[in-house]
Amino acid sequence: MEQVVSTLGPSGLTFGSVATTSGLSKATVQSVFSSREGMIEALLERWLQQERGAFIQRAGDSLTLRDRVRAHIQTMLEPAEDANSRMAASLAALASTNSRMDGVMQWYADRMGDFSATTDEEKHLRMAFLAAEGAFFVRYLARAPISAEQWEDIAQDLRNFAEE
């Protein structure tokens, strides 16, 4: 499925395209996923699992909000062009359906809880988190023409902001 999305984009993700690419019958693909949304959810869940692993490596056992936000910024803003573009496109495709976003919401809850913030530090870190998310979607979903050098500069600004 990842090959289909990277080649044809999310709109090209169909039972037929996955069947052709994987060498399976269309009926087999349909029986495994049951819907296009099911395929998108499976892609997104795979990306979320990979990303969670990278996040845990960076955050370690620390449960502080500051450490979680730092790890989030490092994980989300590292240059992984293809994977990040596919993930952003898959999220957009999933959001455009009536599909449940439970996995995505749990992913956010693992990072930021319920987004509540009472202290100035918590509010600052919440803004750093949301700024990293915004930067990610501007680059990978809106496909803003941000060079690698500019992207590293943005990432460094966000890392610095999270340290203040």
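Student: What should I know before we start?

Tutor: This is a predicted model, in which local features need pLDDT of at least 70 and side-chain atom pairs count only at pLDDT 80 or more, while totals for chains, interfaces and linings use all residues. Residues are numbered from 1 along each chain as its sequence is written, and side-chain values use heavy atoms, with hydrogens and water left out.

Student: How many helices and strands are there in the protein chain?

Tutor: The protein chain has nine helices and zero strands. Helices (H or I, at least four residues) and strands (E, at least two) are DSSP runs, numbered from the N terminus.

Student: And how much of the chain is buried?

Tutor: Of the 164 residues in the protein chain, 38% are buried. Buried means under 20% relative accessible area, exposed over 50%, and partly exposed in between, with a 1.4 Å probe and protein chains only.

Student: Which residues have the most contacts inside the largest nonpolar core?

Tutor: They are Val-69, Ile-73 and Leu-77, in a core of 26 residues. A nonpolar core is a set of buried Ala, Val, Leu, Ile, Met, Phe, Trp, Tyr and Cys residues joined through side-chain atoms within 4.5 Å. Helix H8 (120-140) is among the elements that give two or more residues to this core, and H8 provides the largest share, seven residues.

Student: What does Val-69 touch?

Tutor: Leaving aside residues up to four places away in sequence, Val-69 touches Met-112, Leu-125, Ala-128, Phe-129 and Ala-162. Contact means heavy atoms within 4.5 Å.

Student: Now the packing. How do H5 and H7 pack?

Tutor: Helix H5 (residues 65-77) and helix H7 (residues 102-112) pack at an angle of about 130°, with their axes 8 Å apart. H5 is therefore oblique to H7. Axes are lines fitted to C-alpha atoms, for helices over the stretch in contact, and angles run from 0 to 180 degrees between N-to-C directions. Angles under 35 degrees count as roughly parallel, over 145 as roughly antiparallel, 65 to 115 as roughly perpendicular and the rest as oblique.

Student: Which residues of H5 and H7 meet?

Tutor: Leu-65, Arg-68, Val-69, His-72 and Met-76 in H5 meet Trp-107, Asp-110, Arg-111 and Met-112 in H7. By class, this contact of H5 with H7 has five nonpolar, one polar and three charged residues. Here Ala, Val, Leu, Ile, Met, Phe, Trp, Tyr, Cys and Pro count as nonpolar, Asp, Glu, Lys and Arg as charged, and the others, Gly among them, as polar.

Student: What about H5 and H9: at what angle do they pack?

Tutor: H5 and H9 pack at an angle of about 180°, with their axes 10 Å apart. The two helices are therefore roughly antiparallel to each other. Among the residues in contact are Val-69, Ile-73 and Leu-77 of H5 and Leu-158 and Ala-162 of H9.

Student: Changing topic: where is Ser-34?

Tutor: Ser-34 is in the loop between helix H3 (26-33) and H4. Ser-34 has a positive phi of about 65°, although it is not a glycine. With a relative accessible area of 58%, Ser-34 is exposed.

Student: And Arg-143, is that counted as buried or exposed?

Tutor: Arg-143 counts as exposed, at 56% relative accessibility. Arg-143 lies in the loop between H8 and H9, and its phi is near 55°, a positive value in a residue other than glycine.
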